[in-house]
Amino acid sequence: MPAPSAALSPAASSPAVGSRYKWIALSNTTLGVLMVTINSSIVLIALPDIFRGIGINPLAPGNTTILLWMMMGFMVVTAVLVVSFGRLGDMFGRVRMFNMGFAIFSLFSVLLSVSWLQGTGAGWYLIIMRILQGIGGAMLFANSSAILTDAFPANQRGMALGLNQVAGIAGSFLGLVLGGVLGPVDWRWVFLVSVPFGILGTVWSYLKLRELGVRKPAKLDLGGNLTFAAGLIAVLVGITYGIQPYGSHVMGWTSPLVISLIGGGLVVLAIFCWIETRVAEPMFRLSLFRIRAFTAGNLASLLSSLGRGGLMFILIIWLQGIYLPIHGYSFEDTPLWAGIAMLPLTIGFLLAGPVSGYLSDRFGARPFATGGMLLAALSFGLLEMLPVDFTYWQFAAILLLNGIGMGLFASPNRAGIMNSLPADQRGVGAGMSATFQNSAMVLSIGIFFSLIILGLSSSLPSHLYNGLTAQGVPVADATRLSHLPPTAVMFAALLGYNPIRMLLGSALTKLPAQSAAYLTGHSFFPSLISGPFQTGLQIAFDFSIVACLIAAVASLLRGKRYVHDELHGEAVLATAGDVTPADIASVAIAADLIEAEADVAAEAAAQPRVAVAEEIEDAERGHASPQPATRFRRER
């Protein structure tokens, strides 16, 4: 009787680990994801302090590009590279790529804090360092979910991936608070805060993490990598420049450069898809979309990210530029208090995420992910009903509801996606999922900014002109300021700036002292833009509602609970003529022992593996397939 081949059993060559290893993997990968997501948002709140520290006026002509790339460069490079690093993890080891990501992220966190330059040179230096830091972030993102899926049995993955996912999403909001606290102390602390955690994670992951997954050596898909990177970069860069003014237009969507970037990028991405159907070892496994749970989960994730991706920016503009100044907060203090005001959103994530992840292990992802999206759509509708100058407890309650909805969705949806993947394709599958999510975040920012700018451009000029002339500003100056690009007004609100003093300049000295004080005070500028801003806000929230409702439908279509049996699927060698029922049964028993770790015996009793019996019957009848059979387990 031939012995079962160890090469096809992933656990056979895996190092022995104790029952505590899965918790080590969870804590380490969660630290990595949390560190990356905190850094993706910490800059948003700290931008005024960073720009003051390096001597850049963000409202001056030409500096809008620096502002946008400082915010979005990190997200663009992360979105582009996660699939490639996930594929490399499948080929060369997920833990190895994860360790390298920690080290690279830590190195460039240090380099971000040591700039000796000033002005625009310093701005571009920080942008380049942020992009290189994003390479490390992409390595961490691409491999964390796959490492967790390797470490946890199927009946605990929802809980583990839920904690990891919720920590990541919550990190994007915790970064707002940290940026508001550290930025006023010294802008360099915004980047240095990651260094000790990065060093800890690098050493810890090197010493404790083990390669448990299937490694599948293959040739690197160079054509696919190049076309995917070029196409996606072109599209995301086009979106970034589409937000900026072009000529006499308030936005750049009609710019030949933007049209060429987006159109050319889409053509290159079409070529990429053609290449991926022709190469033997593609980087982007299009065949994975044949798995309904994988396709539906990623579609729901894409739409969810579109719905919530711009929410952070909208809330920052709303709080920093309008609500807090109207209520007496100085523009210098608004970043910190805006972060604190959004804490209910983070609390909602932290409450709902782990619970829904745990329950989805038993009942599947569909009810929680679908219900979460419906709850999120409801919260966006309630936000749309609030006045711009709202009552805070109502605002906080709606944010809490939104956080609970997003938390209910995120954990089960990620677990459902990862459970659907074969063991040797978890890295690339996780990378594909992260690409959809991160690209949607960039696209969402472009959509939300465009909708807000459209709302501002419809009525801002008349509001600005009437408000200035009412305070005695000369008609010529009022006319000039009323044609201020809405993008500049929006960025002023985003950064917590009061641009009136800078824009009026010497004209202020010609006004009565009382009028000058009112124009440059807390209430004039926020009150001026609140009406036009609410118009754009309602359009943006309508978009979020539609995106969340479609995501709920996509989540509903994922089917019942589905787990690709990564151990049995590769372990069973059902080849005709040389495998007996005893061979199949012995391999299945060995796989059960590897998976067990003391608590899977109960799971096995509750969920008998009917597929093994069916394979044995087929083998006894002589109907075994001449090809190795990959078996799936469907759990209801």
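**The salt bridges**

Analyst: Asp49 and Arg52 both belong to helix 1 (residues 21–54), where they lie 3 residues apart, about one turn of the helix; helices here are DSSP runs (H or I, at least four residues), numbered from the N terminus. The model is predicted, so local features need a pLDDT of at least 70 and side-chain atom pairs count only at pLDDT 80 or more, whereas totals for chains, interfaces and linings use all residues. Residues are numbered from 1 along each chain as its sequence is written, and side-chain values use heavy atoms, with hydrogens and water left out.

Asp49 forms a salt bridge with Arg52, and the closest N and O atoms of this pair are 3.2 Å apart; the term requires a side-chain nitrogen of Lys or Arg within 4 Å of a carboxyl oxygen of Asp or Glu. Asp49 is buried, with a relative accessible area of 13%, while Arg52, at 45% relative accessibility, counts as partly exposed. Buried means under 20% relative accessible area, exposed means over 50%, and partly exposed lies in between, with a 1.4 Å probe and protein chains only.

The structure holds 2 salt bridges, and Asp150 forms one of them with Arg94, the closest N and O atoms being 2.6 Å apart. This pair links distant parts of the chain, since Asp150 lies in helix 4 (residues 119–151) and Arg94 in helix 3 (residues 94–112), 56 residues apart. Both Asp150 and Arg94 are buried.

Notes:
Helices (H or I, at least four residues) and strands (E, at least two) are DSSP runs, numbered from the N terminus.
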